Amino acid sequence: MTYLPIREAATRLSMSEEALQTFCRRRAKKRGKDVVAELPDGIVAVKFGHLWRVRFPV
């Protein structure tokens with residue numbers, strides 16, 4: 001699976017990095033040891049340490 005950094009994902013979603021990070025924080029849920037934010041259209045953001053990474057559906 002390929003995860004994009006917030007900067008690239010925000011550009012692809014036509015939004016600012018800050019807006020995407022805020023959106024991820026608001027939708028974040030604990031899944032075991034992971035923090036995951038399910039975004040619209042099957043997009044998933046996962047927090048690795050203190051950084052968010054975003055995966056787009058194929």
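Predicted model: local features only at pLDDT ≥ 70, side-chain atom pairs only at ≥ 80, totals over all residues.
Let's start inside. The largest nonpolar core is made of 13 residues, and Leu-20, Cys-24, Leu-39, Ala-45 and Val-54 have the most contacts within it. Helix H1 (6-12), helix H2 (17-27) and strand S5 (51-55) are the elements that each supply two or more residues to this core. H1 gives the most, with three residues.

Ala-45 is a handy place to look around from. Skip its neighbours within four places in sequence, and Ala-45 still contacts Cys-24, Val-35, Val-36, Ala-37, Leu-39, Trp-52, Arg-53 and Val-54.

Now hop over to Ala-28, which sits in strand S2 (residues 28-31). Setting aside residues up to four places away in sequence, Ala-28 touches Val-35, Val-36, Ala-37 and Trp-52. Ala-28 counts as partly exposed because its relative accessibility is 30%, which falls between the 20% and 50% cut-offs. As for Leu-39, its C-alpha is 9.6 Å from that of Ala-28, with the two residues eleven apart in sequence.

On to the rings. There is one aromatic pair in the structure. Tyr-3 and Phe-48 have ring centres 5.4 Å apart and planes at 80°, so they meet edge-to-face. This pair ties together distant parts of the chain: Tyr-3 lies in the segment before strand S1 (4-5) and Phe-48 in strand S4 (residues 44-48), 45 residues apart. Tyr-3 is partly exposed at 27% relative accessible area, and Phe-48 is partly exposed too, at 44%.

Definitions and conventions. Residues numbered from 1 in each chain as written. Heavy atoms only, no water. Helix = DSSP H or I, 4+ residues; strand = E, 2+ residues; numbered from the N terminus. Buried < 20%, exposed > 50% of the residue type's maximum accessible area, 1.4 Å probe, protein only. Contact = heavy atoms within 4.5 Å. Core = buried A, V, L, I, M, F, W, Y, C linked by side-chain atoms within 4.5 Å. Phe/Tyr/Trp six-rings, centres within 6.5 Å; stacked < 30°, edge-to-face > 60°.
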